[in-house]
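Hi there,

Here is the structure I promised to pass along. Have a look at it first, and then read on for my notes.

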Amino acid sequence: MATEDSPERSAPSDGVPAAVREDAATVEGVSFAGSAGRMETIFKWAAQGAGILLIAVIGLIFLQLVVQAVPALTKNNVNFLTSSEWQTTPSNMRFGIVELLKITALSSVMALVLAVPVAVGIATFLAQYVPRRIARPLGAVVDLLAAVPSIIYGLWGILVLAPFLVPLQQWLNRNLGWFFLFKTGNMQISLGSTVFTAGIVLAIMILPIITSITREALWQTPVSQQEAALALGATKWEVVRLTVLPYGRSGIVAGSMLALGRALGETIAVLIILFAATKNSIWSLFDSGYTFASKIASAAAEFDNVDQRGAYIAAGLVLFVLTFVVNAVARWIGGGRVNG
């Protein structure tokens, strides 16, 4: 009968000594670790390179905008930041961004105010009240709104939605005209070409962006936290209000700011809905006029002149900076945290 130290028990079945087998395993482990280390280094440098490349591209875009805008700004005969004039005749350059800023801010903020509550409600419904196998197809239907071309939204807005909203706008102007947002603006309400109409169209356009990001953020809420709240006697609404929504706050903010960036830069739909106004905006939702993006798009025929092109590039530079400010504010509101 063989003992524990007998050859029958210690010898491997393939005839290879145990010591040799251990040495081979050690060599293989070192080789694998070395390969993984090289891949780790390559991945690290690739990731860093991608980040640096992105920063460099953004910096170059900013630099190029500044270089092309400065010649026109030096020939501007009014204050670019405070003037409401826009005249780009090469012999008499007088252009400012006040009117563009007003219409851009009014339409974009109105769109955000309308879209965020609806989008958060849809996302909460899909994440908390509908089984996952049903929520995904329903979410895909909402996401399809993002696939509709901007020109379709613009045509639908001015031909279908605007006439439908005229009675509502007239009622608001008649009954709430004492509030500055509902005062009679620089465009006839009966035409429907107002910031009010544009804001609703933009809200529909940005709805899928906020809904998608918010839904994914709410799905990340740990089940253990929700079950703990239920175990303490919380209702479903209390679980959503006290656990799910706070956990997904950063996702809601991120989605909202991404959507705001889309609204700020929307061009074709706004260009179709809003008409040129002969009077200055008074911060009313019943104003009309150009946003930064629609103003630049409407003047493509003037880009053959360096000075005129520079004026519109200067407006684009302001919009470029504005998007960075919006994202910085969003990060401050979100507290710089991923969740919670």
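Below is what I found, going from the whole chain down to single side chains.

Please keep in mind that this is a predicted model. The chain holds twelve helices and two strands. Reading from the N terminus, the order of elements is α-α-β-β-α-α-α-α-α-α-α-α-α-α. Of its 340 residues, 39% are buried.

Now to the aromatic side chains. There are eleven aromatic pairs in the model. One of them is formed by tryptophan 86 and tyrosine 312, a tilted pair with 5.3 Å from centre to centre and 55 degrees between the planes. This pair connects distant parts of the chain, since tryptophan 86 belongs to strand E1 (residues 86–89) and tyrosine 312 to helix H12 (residues 306–334), 226 residues apart. Tryptophan 86 and tyrosine 312 are both buried.

Elsewhere, ring pairs join Trp178, Phe179, Phe180, Phe182, Phe196 and Phe286 into a cluster.

Arginine 132 places its charged end over the ring of tryptophan 219, 4.2 Å from the ring's centre. Over the face of tyrosine 129 you will find lysine 236, at 5.8 Å from the ring centre.

Enjoy exploring it!

Best wishes

Conventions. Residues are numbered from 1 along each chain as its sequence is written. This is a predicted model: local features need pLDDT of at least 70, side-chain atom pairs count only at pLDDT 80 or more; totals for chains, interfaces and linings use all residues. Side-chain values use heavy atoms; hydrogens and water are left out. Helices (H or I, at least four residues) and strands (E, at least two) are DSSP runs, numbered from the N terminus. Buried means under 20% relative accessible area, exposed over 50%, partly exposed in between (1.4 Å probe, protein chains only). Rings of Phe, Tyr and Trp (its six-membered ring) pair if their centres lie within 6.5 Å; planes under 30 degrees apart count as stacked, over 60 as edge-to-face and the rest as tilted. A charge sits over a ring if NZ of Lys or CZ of Arg is within 6 Å of the ring centre and within 35 degrees of the ring normal.
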